[in-house]
Amino acid sequence: MIFMTPYCRHGNIFYLCFIYLFQVAQCINEKDDIVFERPLQERDRASFNLTRNKATSVPNIEYGFRQQRVWDVIETMNTFKDKRIYSSINDRTTLSSFHYLVVPSWWSHQNKTLSSLAMSTTKINNVMSKTADYYSDMSWGKMSLTYEVIPQTTIGSTSGIYGVKNKVETYIRQQGYVKGEDYDGIIFLYWESSSALNFGGALGQLNGHFIWISYDDLTLNVARHEIGHNFGHDHHLRKHYSYRDSRPDLDYYSDGLDMMSGGNTFAISDLGLPSKWFYNWVEDSSIIHMQPEGATTECLTCLKSGTFTIKPFDMRDSTPSPNDIFGVHIPITEVYDPLTNSHYVYSYWLSYRSGVDGIADGLSVHLAWFELYDSLFGAYYDSMFYYPNEWNDNKLDAIVKKGNCYHIAPASYIRDKDLLAAEAVQPVACVESLDSGNSLEVNVSFLDPLSPPPKQVDAIEHSLTCGSGILDQEFDASETHLIHVKGTGKNGQVRVWQCNSDVYSQAMLYDSYPYAHVNYASLSGYGATKRLPAYQGCNVNSMPSLTYKSDYDETYVLVPSTKKDTTPAGSITKVKVSCSVSSCATNQYKLNNKCVQCPIDMPRSNAGSSSINNCFSCPGGTSLPHPLATVCTLSDDFLPISRSKGWRVWVPEYQTVSKIRWGVKLLEFYATSDCSGSAYIPNGIAINSRNFGTAPDLAFSDSAGAWSGKADNDGAIWVGMTFSAVKSVQCVKLVCTSNSVTEVRVQALVGNSEDSWANVWVQKDLDTAKNVEQILSFEHPPTVPPTEPPTKYPTESPTKEPTSEPTKHPTATPSTSSSPTVTNISNSPTEYPTPSPTEYPTPSPIDEGGCVENKKSYFLKNIREGASIIKTCQWLGKKPTKVINRLCRKTLELGDYKPAQLMCPKTCDTCSIIGNICEDNDSIGFLLRTLVSAGGEITPKKRDCKWLRGLPSKRQSNVCTFTESYGIFEPAKNVCRETCDTC
């Protein structure tokens, strides 16, 4: 067993390893390492929150920023490897040498004449020689670990490790050794003493140069392990249920298979594949890079699916060739830490380890991360091992076995880092064949939860809302049943009871939908976090039970079939499930002992909120990308608003050229779409975020001065004007100083709050040169922003829980049933739960020649911040095929807004669908006429098909002849096609 205690951060972290002698067989299923504190991860969490505390700090993942950001950082990795220990091999920076001074010692209070205190040079050389050979073998000859043993010397007695380190380094300098020239690291050998260092084992500096080893404990295993700490390696851990109690730290359940993490007793237990790749001991050509997007500008060689033959990355019998494949790398996200100017890169790694006495004979799955910063080795490295059966501590079950698929569901640890990226990257790895010890064949693809593969296991599904009662049922034991416990909030307590009177049975508990078993027919435990076994016998008064702390607002309980030759016909499995809400999650509030989502116009709340009054809105220009997101993110969506009493231009601080200020020399608003004619007289109230002593009026003045703005508390810089009367704006003229911006959002004041702003236009790729006049044109229908949001989230969860009849999941098409059904949380970062779609889409304009599409037509994309988010067909046509297909599948309508498949039939290839529909659409209105006020303000007058059907036939026919359209509103003949006989 190894105990480690880190003492401080970065290069000053030391790991103290007290070695206790246990047989390998005794330790194989135990926690081999225990962490008392992990300040690096605590700091990681704190700095992560710091970088996410500005609403505009995270670009919207939908537009490809996730993979762009992470690859931009990966491309800089070599720049951190700039010390003499690195050299260039095959155009990649390679960790190729490291030279240690080994310092045997006495303490000043010890008798140097005692032979028992003399440290054997033979023993030291034997251990160091074996250690050097191990690192050479591990790197296939690329790494030369050398050492020099200096004569045993006396070090002044002290009980402090820092004092010892300073004294040793002082002594070495006095002997004429220069760090970075004559040596790279120091291994200090000492005698355990109550008057000095009173501990045995070893102590290693993380990503540093100093190691303490008790002479009595000097062995190959200890030396290679402590050198691994010097090389930047933490004690690697594994994914475990206990994280929900230890977060933000990982609880100390060791990886168990490598020499840093409980595998140090094996003869071969190399550092992980990610480290070998970082050091270039494994060539980049031997790694398959993958991402859901496939090949992109940032990664031209990336694949989105494929089958690969992977060799063991710890093989010893041959030297790798350039064609050998050692693993798959799948980047997830990067996180920047401004406190230490560090970048974290998080990735999934798939590999095959043949050492460790052959117990890892299958696919290993790791979440790995590098912290890149200016340091000796360039990076701190850590990882989290995914045991497919997470509930099982047996190392023999730590790998994905032949014939099984494993869905790498996003763990809470990575969701806490970047929820959007974690849910966007969900690999599925299927081990198709295995040549034990030599290679395995794996197929890798990505799961789209919106369109999963067909079910391979016919799981009958049930739904239970937390806080609504108890599900108490008897199931046919030959069937598989899946219970979705939803609305569990931050840490709802789920309790499960189950038993079978005839045979052994079990229940598996998951944090997310069990795709591995249901959709890929893998072992039922794959992906499960906990298991509830029940042996033969069923006493309803003493049923086996398990209490499970839910995470991320849901839990799945799988009761797999007990189909066996020995299972009696008619055998019944009895199951009870209850759930109680403890505290609600982010963006929820507690109501009647249930967690309710905040309204969409005020979608944010802090975890633990107990009232709807705790909900608040996102800052203008941003939106909530996920129901459980902790921040609002930059939005490219906009509303077709052209009339408002307030107008402004807005930019996140990081999109300014200077990264701190924005200079505006001239800002003008125009009623014309090309900024022709006269601008509005700036007779309103000039407003701004904040400024560097320059009033916002300067942005509207012809004077020589300019407004110089700085960010508000949300990290946004903006300037504009509010007016006493409504102004119709369809163009903005902007002139910036040298402190320019790369893009800008034009926003209108909406609602009755002075803080409620909405995007009406997004202009990208601005000219950042000084004093350039830029025209921002955004011709919209003359729509007045709503004073109240049109829709809200429901304030109550469904009451018909649990469902009396099970439902199937996932469904191919949206359900229109009013009864509760199992629904999947979408991995799309911009999709909210939406109202049930209408059964038939509304027809878009059709002429006598057939299908037409106006590129400027608007369609309903989403619902956000209390309003319908709409886009044009032209915008849709420029998107990647995957985005087009996803949006064209949606049939959601709300009020007067229609889906893309109706408004953009040519882009969506849905002309045939439109031509076959002949029904009145009662869910939207049609344009009856337009009313013009004395001031020239146009107001559309609308009616619906139900009203039209109630008219006398003559009046009805007359209305059906109207052809006038206004903005998004169509005439009756295009909306009420059955009544108007215009099919």
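1. W140 and F326 are both buried (under 20% relative accessible area; exposed is over 50%, partly exposed in between, with a 1.4 Å probe and protein chains only). This is a predicted model, in which local features need pLDDT of at least 70 and side-chain atom pairs count only at pLDDT 80 or more, while totals for chains, interfaces and linings use all residues. Residues are numbered from 1 along each chain as its sequence is written, and side-chain values use heavy atoms, with hydrogens and water left out.

2. The aromatic pairs number 37. Rings of Phe, Tyr and Trp (its six-membered ring) pair if their centres lie within 6.5 Å; planes under 30 degrees apart are stacked, over 60 edge-to-face, the rest tilted. W140 and F326 are stacked, at 5.4 Å centre to centre and 25 degrees between the planes. W140 sits in the loop between α5 and β8, F326 in the loop between β15 and β16, 186 residues apart. Helices (H or I, at least four residues) and strands (E, at least two) are DSSP runs, numbered from the N terminus.

3. Y243 and Y413 are edge-to-face, with 5.6 Å between centres and 75 degrees between planes. Y243 belongs to helix α8 and Y413 to helix α10, 170 residues apart. Both Y243 and Y413 are buried.

4. The structure holds 29 salt bridges (a side-chain nitrogen of Lys or Arg within 4 Å of a carboxyl oxygen of Asp or Glu). E334 and R69 form one of them, at 3.4 Å from N to O. E334 is in strand β16 and R69 in helix α3, 265 residues apart. Both E334 and R69 are buried.

5. K142 and E283 form a salt bridge, with the closest N and O atoms 2.8 Å apart. K142 lies in the loop between α5 and β8 and E283 in the loop between α9 and β14, so the pair ties together parts 141 residues apart in sequence. K142 is buried at 19% relative accessible area; E283 is buried at 18%.

6. K764 and D636 meet in a salt bridge at 3.2 Å, N to O. K764 lies in the loop between β44 and β45 and D636 in the loop between β35 and β36, so the pair ties together parts 128 residues apart in sequence. K764 is partly exposed at 33% relative accessibility, whereas D636 is buried at 10%. Salt bridges with shared partners join D636, E743, R745 and K764 into one network.
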